[in-house]
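Me: Please take a close look at one part of this model: the place where the two chains meet. Walk me through it in short steps.

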There are 2 protein chains.
Amino acid sequence: MRDTRAMPTPKHPLDAATHLEPLAADLYRGHTSANYANMVGPFGGVIAATLLNATLQHPGRQGDPIALTVNYAGPLADGGYTVEASPVRTNRSTQHWLLVMKQEEQIAATASAVLASRRETWSALEARFPDVPAAHELPVEPSLERAPWTRSYEMRFVDGAVRLSSPARQRGDSRTTLWIRDAPPRPLDFASLVAICDAFFPRLFVRRPVWAPIGTVSFTTYFHADAALLAANGDAPVLGVARAQQFRNGYFDQTAEVWSEKAALLATSHQIVYYKE
Amino acid sequence: MRDTRAMPTPKHPLDAATHLEPLAADLYRGHTSANYANMVGPFGGVIAATLLNATLQHPGRQGDPIALTVNYAGPLADGGYTVEASPVRTNRSTQHWLLVMKQEEQIAATASAVLASRRETWSALEARFPDVPAAHELPVEPSLERAPWTRSYEMRFVDGAVRLSSPARQRGDSRTTLWIRDAPPRPLDFASLVAICDAFFPRLFVRRPVWAPIGTVSFTTYFHADAALLAANGDAPVLGVARAQQFRNGYFDQTAEVWSEKAALLATSHQIVYYKE
């Protein structure tokens, strides 16, 4: 008789990297992953996805994500960490969360999340899906050796790739448009979407193509997509558009949109980034 | 002999509305103000300004604001409230804060703030100051009876004023451009700037001019201006530009810029807003 038990599905590297083990009520333990390592500590997008996951796997969860803000308070070393996830107020249709990520009693990141139960209403899209070639018409960008997490994404740039050269070769703007998906492919969900919202290279390097120390200080994502719209995306690439509005005295902002292939606006995302120069 | 002691300066209504009295370490008491009342509870911008003030008047404060995120968790009734302000991590140049506003042991709002010490670096403005008439060339918008806080601002609309009529009279977009300043005039500072960032009428009412219940769920402001740039503004009006990117199934976003008369980008700001329909 043939053994018909399903083989256990190997975990996608993103699920392994954002995995949280319950330790106590409202408390989880996680571990950094080499697949999502950045120059110093993990890629910020995977930290955001992990914090969001703490609300999504919490037994008290009500609803799906509407907003997530992560403040990166200090570096996270390779190794273990804890996440405390507290549902601080649950209303009829919204639930507010505070989250704290610690490593050796030091706060590495704090976050807030809003979950909500949505229902169908009058809706209107105001942002415009850009005129771009299909993903398959564009070459895959090679990953960056100094940012190992880039191997975990398949990126195809429409414009605004980073080409470090000289501070004299400034571009007139910092806009990037690219197709992006997880590598290996993985069906899109809230965690992978928020990580993708942070997967744009620093706007500073697009505008002024010379390396400098940078670090995101605060990162916010608004989820326009609900679970059904994400499920409909499957593992197709999504289109990301990012630009800065200002670089000034050590901080620049980034504002971004993430679209499905079918021109649905899945998320809008914003961050403010420290730079040294 | 003439008494040469200065007369006490009467407090500006915004300073009265955002006043916090220290109760204990990291704990303050405040009170809502009729001057900044909204339809239900206070104008959200004054809640944000009050939470920011808790960091600014804290004895452990280091630096000036870079980012503030406020999550409005539940309604605040007219009356007293407490604000707990905890500096959770202080680095060499940045300081991270968590803030909790409570009324009768219920959490009404949570917030995070990042302060930083800035220094001069290579800088570049990428957003564009729009082509607009000067403030004095435009009429002052009458205040709205059902939103008493609008009496505390002098607003002059370039375009995108709210004119409630019928759901059939939809506009093609939700963009608003207006000159705005405190009424009575008050020199611009971080607290008044963040309140102004929330002083745009709901994008829903611009796009689809029919009244509906709405409420900001999460609100983020990035401060591009430092204290010197704010001081240079004095009490001159600032130019606000706001638009939505999407209205979808109960939530819409708003993205905004606030500029000085001299075309300096002072702040960029984002929010996600619940709407019922």
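Reply:

**The contact between chains A and B**

Arg207(B) makes a salt bridge with Glu126(A), and the closest N and O atoms are 3.0 Å apart. This pair crosses between chains. Arg207(B) sits in helix H4 (residues 203-207) of chain B. Glu126(A) sits in the loop between S7 and strand S8 (153-159) of chain A. Keep in mind that this is a predicted model.

Between chain B and chain A the count is four salt bridges. Over all chains, the structure holds 24 salt bridges.

Next, the relation between the copies.

Then the extent of the contact. Chain B gives 68 residues to the contact, and chain A gives 68 residues. Together, chain B and chain A bury about 6,100 Å² between them. Carbon and sulfur atoms carry 50% of that area. Three residues stand out on the chain B side: Trp122(B), Glu126(B) and Gln245(B). They supply 14% of the area that chain B buries against chain A, more than any other three residues.

Polar contacts come next. Between chain B and chain A, 50 residue pairs are in polar contact, counting pairs with both residues at pLDDT 80 or more. On the side of chain B that touches chain A, the largest share comes from strand S6 (residues 106-116) of chain B, with seven residues. By residue class, that side of chain B divides into 27 nonpolar, 25 polar and 16 charged.

Strands also pair across the contact. Strand S7 (residues 124-125) of chain A is joined by two bridges to strand S12 (residues 246-248) of chain B. The two strands run antiparallel. Ala124(A) has Phe247(B) as its bridge partner in S12(B). The loop that holds Glu126(A) lies between S7 and strand S8 of chain A.

For context, look at strand pairing inside chain A. Strand S2 (residues 27-31) and strand S4 (residues 80-90) of chain A are joined by five bridges and run antiparallel. Tyr28(A) has Val83(A) as its bridge partner in S4(A). S4(A) pairs again, with strand S5 (residues 94-103) of chain A. Eight bridges join S4(A) to S5(A), and these strands run antiparallel too. There, Pro87(A) has Trp97(A) as its bridge partner. S4(A) and S5(A) form a hairpin, with three residues between them.

Last, some backbone details worth checking in the viewer. The peptide bond from Ala183(A) to Pro184(A) is cis, with omega near -5 degrees. Pro184(A) lies in the loop between strand S9 (176-182) and helix H3 (190-197) of chain A. In chain B, the bond from Ala183(B) to Pro184(B) is also cis, with omega near -5 degrees. Pro184(B) is found in the loop between strand S9 (176-182) and helix H3 (190-197) of chain B. Asp26(B) is not a glycine, yet its phi is positive, at about 65 degrees. Asp26(B) lies in the loop between strand S1 (21-24) and strand S2 (27-31) of chain B.

Definitions and conventions
Residues are numbered from 1 along each chain as its sequence is written. Chains are lettered from A and ligands numbered from 1 in the order in which they are written. This is a predicted model: local features need pLDDT of at least 70, side-chain atom pairs count only at pLDDT 80 or more; totals for chains, interfaces and linings use all residues. Side-chain values use heavy atoms; hydrogens and water are left out. Contact means heavy atoms within 4.5 Å. Buried area is the accessible area (1.4 Å probe) that two parts lose on being put together, summed over both. A salt bridge is a side-chain nitrogen of Lys or Arg within 4 Å of a carboxyl oxygen of Asp or Glu. A polar contact is a pair of N or O atoms within 3.5 Å; within protein, one must be able to donate a hydrogen and the other to accept it, and residues adjacent in sequence count only if both atoms are side-chain atoms. Helices (H or I, at least four residues) and strands (E, at least two) are DSSP runs, numbered from the N terminus. Ala, Val, Leu, Ile, Met, Phe, Trp, Tyr, Cys and Pro count as nonpolar, Asp, Glu, Lys and Arg as charged, and the others, Gly among them, as polar. Two strands pair if DSSP finds at least two bridges between them.
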